Amino acid sequence: MDSPPRPKLFDFHGVSMIRHFTDNWEAVQNFQARPDDILIGTYPKAGTTWVSHILELLYIDEMSPERLNSLPIDVRVPFLELQRIDSGYTGTDLADNLPTSPRVIKTHLPVQFVPNSFWEQNCRMVYVARNAKDNMVSYFHFGRMTFAQPEPGDWNSYFEKFLAGKLVFGSWYDHVNGWWKKKQAYSNLHYMFYEDLVEDTGREIDKLCSLLGLSPSAEEKTRVLNGVKFDNMKNNAMTNYSTYSHMDFKISPFMRKGKVGDWKNHFTVAQNEEFDEDYKKKIDPTLQFRTEI
Ligand code: A3P
């Protein structure tokens, strides 16, 4: 059977995008945030699903346990800018009609595209960043397995596209730098790192709880920690994206490895040198990532 056609990348106000994320632009820009909304911002493949599920489990009573067990995560945590070409699903409609609160909403938008109402309402935001090398590897495998992404090509050409920022949602460098800069001025933004989450999930959940003003009991915290373990999310059909037909898990599963340092299995020595040289020119020097832990 032929694979469905893949979307084409184009320049959108200086950022590479595909139409799934721009077709509903007016509704996205006019989206009405509520003061208790929690916005998760990430460059794709930085741990969005992980942090979404952590937040859901922290708010389990408000989120409704029945919904957690019966609806896939992207129905519970709307993907703000997504408009599905096939079904007409839009993230904005889904968010507008969400029966639970607070609403947890995810976005991959670069910070300059975040709808104004989120800032006006002083909403809490959680940005998750992942080191560029592992982020690139994860995005490459995602591009291979989902027909909703442009054709990734082979690893070597993908590597060059990443450095040039020619991927959906644009340059990783601009994305992490832009949100980092915003954090300096906007105190309701919590900037987290995927590597810290892998190193000590409990410690990072405690930090999140202090932003959110939550104080879960020891028992509740154990329940959250258990629910968000890689293997448990991988085996949970409501968090592992297995219900989506546009993803081919035979090529690569959505919950793939969940590790820090997998880039070492992909980068050649020459690529690593080229990458490091280029990285120094692009990254905000006050923003520090770990590529191993
Ligand atoms: P890998 O492809 O490196 O395995 P996103 O949700 O932003 O699309 O990010 C997906 C990446 O986060 C994948 O990385 C996935 O395995 C990883 N991930 C998701 N849940 C995780 C968890 N509980 N622990 C560790 N990594 C997780």
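Predicted model: local features only at pLDDT ≥ 70, side-chain atom pairs only at ≥ 80, totals over all residues.

Tutor: Residues are numbered from 1 along each chain as its sequence is written, and side-chain values use heavy atoms, with hydrogens and water left out.

Student: Which residues come nearest to the ligand?
Tutor: A residue is near a molecule if one of its heavy atoms lies within 4 Å of it. There are 18 residues around the ligand, and the nearest of them are Thr48, Thr49, Ser138, Lys257 and Gly258.

Student: Which element gives the most residues to the shell around the ligand?
Tutor: Helices (H or I, at least four residues) and strands (E, at least two) are DSSP runs, numbered from the N terminus. The top contributor to the shell is a helix with three residues there, α2.

Student: How do the residues of that shell divide into nonpolar, polar and charged?
Tutor: Here Ala, Val, Leu, Ile, Met, Phe, Trp, Tyr, Cys and Pro count as nonpolar, Asp, Glu, Lys and Arg as charged, and the others, Gly among them, as polar. Sorted that way, the shell holds eight nonpolar, five polar and five charged residues.

Student: What is the distance from a polar side-chain atom of Arg256 to an oxygen atom of the ligand?
Tutor: We call a pair of N or O atoms within 3.5 Å a polar contact; within protein, one must be able to donate a hydrogen and the other to accept it, and residues adjacent in sequence count only if both atoms are side-chain atoms. For the side chain of Arg256, the distance is 2.8 Å.

Student: How much of the ligand's area does the protein bury?
Tutor: Accessible areas come from the Shrake-Rupley method with a 1.4 Å probe, and for residues only the protein chains shown count as cover. On its own, the ligand exposes 570 Å², and the share of that buried by the protein is 97%.

Student: How many disulfides does the structure hold?
Tutor: A disulfide is a pair of cysteine sulfur atoms within 2.5 Å. The total in this structure is zero. For Cys123, the nearest cysteine sulfur is 19 Å away and belongs to Cys209.

Student: Is Cys123 buried or exposed?
Tutor: Buried means under 20% relative accessible area, exposed means over 50%, and partly exposed is in between (1.4 Å probe, protein chains only). The relative accessible area of Cys123 is 0%, so this cysteine is buried.

Student: And is His13 buried or exposed?
Tutor: His13 sits in the loop between β1 (10–12) and β2 (15–17). Its phi is near 50 degrees, a positive value in a residue other than glycine. With a relative accessible area of 62%, His13 is exposed.

Student: Lys45 has a positive phi too; what is its relative accessible area?
Tutor: Phi of Lys45 is near 80 degrees, and this residue belongs to the loop between β3 (38–42) and α2. Lys45 counts as buried because its relative accessible area is 13%.

Student: Which peptide bond is cis, with omega near 0 degrees?
Tutor: Look in the loop between α6 (91–96) and β4 (104–107), where Pro102 has its place. The cis bond there runs from Ser101 to Pro102.

Student: In β3, which residues point the other way from Ile38, Ile40 and Thr42?
Tutor: Strand β3 is mostly covered, with five of its five residues buried. Ile38, Ile40 and Thr42 point one way, and the residues pointing the other way are Leu39 and Gly41.

Student: What is the bridge partner of Val128 in β6?
Tutor: Strand β5 (residues 124–129) pairs with β6 in the parallel sense over five bridges. In β6 (residues 189–193), five of its five residues are buried. The partner of Val128 there is Met192.

Notes:
Pairing = 2+ DSSP bridges.
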